[in-house]
Amino acid sequence: MGGTGSARGTGSTRRGFIGGAAAVAASVGPAALGTRAVAAPRRGPGRGAGGQSVAVLGGGVAGLTAAHELAERGFQVTVYEKKAPGGKARSMDVPGSAKGGRKPLPGEHGFRFFPGFYQNLPDTMRRIPFPGNANGCHDNLVASSELMLARIGHEDIRLPFGIIGTPPPLLTPDALRRALTGFLDAFGNIPPQEVLYFVGRLLVWFTSCERRRVGAWEKVPWWEFIRAARMSPNYQRLLAIGITRNVVATKAEVASTKTVSTCMEAFIFNALGRGADGQPDRVLDAPTNEAWIDPWVAHLRSLGVTFRVGWSVRDLRMGGGRITEAVVQDPSGARQSVTADHFVSAMPVEHARTTWNAAVRAADPKLARCDRLQTDWMTGIQFYLTEPTPVVHGHVNHIDSPWSITSVGQAQYWSGRDFGADYGDGAAVDCLSVDVSEWDKPGILYGKTGKQCSREEVAREVWAQMKAGFNDTGRTVLRDATLHSWFLDPAVEIGGPRPTNDEQLLIHPTGTWYNRPDARTAIPNLFLCGDYVATDIDLATMEGANAAARAAVNALLEEAGSKAEQCSITPLYRAPELELLKAQDDVRYRLGLRNALDLG
């Protein structure tokens, strides 16, 4: 994320802050491009893989997962990553911030959140050794105990995760209705009849068959599904927007009901103790690279994985119906040709599709659907404070902020770290990590959108919006005097005529599911993984990226004729008590009838 005082204006000290209140024909080969052919490294026959080589194009969660699974099965794996291993999940050093033998301040693209309903990613984390941990990096996950909805002009709402009560032994619709109503009553100031209506809509989803979920609810915006336009302002802010932003990190007005409800269902089952790997809200007990990414990369190296960091994928070349080479740009800017037996494209969709030239698209016409997938800005900024500021032991949804801000105080979770002694110049003792999800609406300080602001203005605006919520009820939570510095994701380029963001987030407007590809392509040796590939979770998440990588590896194993055991892929939990109702709904859907609980 950029550096304090850098020429690009990525970060700022408190004084400065306060003071300023594609397509090339397949026949073109590497010689014509002026590239140098480089074969993916081979180190002898692998276990059951016959020494087959795999080029993994992208080193985010999906790429690292694919490399992990392939290396364990004896393939010779090379990962090509443009920036740094971990992708959007990584943490990064704030340049120029380390003094007195301390580490640099930890920055990040955005805070990491590991819901308890994740299953596949936690399995991978257990298999990453970490000194002193019986369960590897998984033991570095720590649970939050509550959630806060910070309001402007209203009392803040604190929601301990235990308020959902004792989970019912049987998840019948009536038991679910009682549990959900009790939980939502804690929100306060929502008319009782609206709470009951919202719960009723959730029950419609819980009892909808898969055909209805895909064929009907994927086409309906969440805002419309819960009839938000007809409800009170508090219903709209708290239930339509607030819950959606925290659980799904998407926009209620346009988001697919299928996407929102799939994750909300998983979160509810998690809170009720069903299908859970852990508590509903978990974070890491140290900066992400320290707690997870660095140990992961070290483990992969020990398995024989080679990393080419600073190498950007530019194109894929075909011959004989297969991918014959990937054209990459090395750190010096020279173009090189990478050859391998198999290619796993693990880049984000906005970057992956630029490498699919006309010949690749002709070989698999379904790839063209990915052009319809949309991405948007969800970008992190960290504020370093000179006083501990554990606002709440969990995430905060600044529900009335025009820039759709969510935040979490991180140092409170880092029990093995003394923030002031370990990081920065010793003056900063806490880090408030913030995600900004709305960059196209005017703010409260300058009246400009985030994309129209300078980096300094973005930091001031976000700080002002947080203070407006935290400090609105007569208490002072955030004080300008405690602000040490800030750090904005360097992937964002703003302040000019054409703002750009090199690390965007897949969003889920209605119809998105129909355009998401499978891990296996029509090209025998090309496989896709990433949070845009179709998986059970149906959301751009680290869990989805991990599951997609497992699916890609399984397809590759089949194509390679490997006898190695396939990767396990754990689907989201399904309550057996509801399966009969779903089967009945399948009959109703085929007959053109509403869900039995859908009263309109």
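Which residues in α6 meet which residues in α10? In this predicted model, F198, L202, W205 and F206 are the residues of α6 that take part, and they meet T257, K258, S261, T262, M264, E265, I268 and F269 of α10. The points below set this contact beside the protein as a whole, another helix and one histidine.

**The whole protein**
- The protein contains 17 helices and 25 strands, and of its 600 residues 59% are buried.

**The contact of α6 with α10**
- Helix α6 covers residues 192–206 and helix α10 covers residues 257–271, and the two pack with their axes 10 Å apart, at an angle of about 95 degrees.
- Angles of 65 to 115 degrees count as roughly perpendicular, and α6 and α10 are therefore roughly perpendicular to each other.
- Sorted by kind, the residues of the contact of α6 with α10 are seven nonpolar, three polar and two charged.

**Helix α5**
- Helix α5, which runs over residues 173–185, has 13 residues and reaches 18 Å from its first C-alpha to its last, which is close to the 18 Å expected at 1.5 Å a residue.
- Within α5 the buried residues are A175, L176, A179, L180, T181, F183 and L184.
- An α-helix has 3.6 residues a turn, so residues three or four places apart point the same way.

**H299 in helix α11**
- H299 lies in helix α11, which covers residues 288–302.
- Because buried means under 20% relative accessible area, H299, with a value of 15%, is buried.
- When its neighbours within four places in sequence are left aside, H299 is in contact with H68, R127 and P129.

Terms used. Residues are numbered from 1 along each chain as its sequence is written. This is a predicted model: local features need pLDDT of at least 70, side-chain atom pairs count only at pLDDT 80 or more; totals for chains, interfaces and linings use all residues. Side-chain values use heavy atoms; hydrogens and water are left out. Axes are lines fitted to C-alpha atoms, for helices over the stretch in contact, and angles run from 0 to 180 degrees between N-to-C directions. Helices (H or I, at least four residues) and strands (E, at least two) are DSSP runs, numbered from the N terminus. Angles under 35 degrees count as roughly parallel, over 145 as roughly antiparallel, 65 to 115 as roughly perpendicular and the rest as oblique. Contact means heavy atoms within 4.5 Å. Ala, Val, Leu, Ile, Met, Phe, Trp, Tyr, Cys and Pro count as nonpolar, Asp, Glu, Lys and Arg as charged, and the others, Gly among them, as polar. Buried means under 20% relative accessible area, exposed over 50%, partly exposed in between (1.4 Å probe, protein chains only). The expected span of a helix is 1.5 Å times one less than its number of residues.
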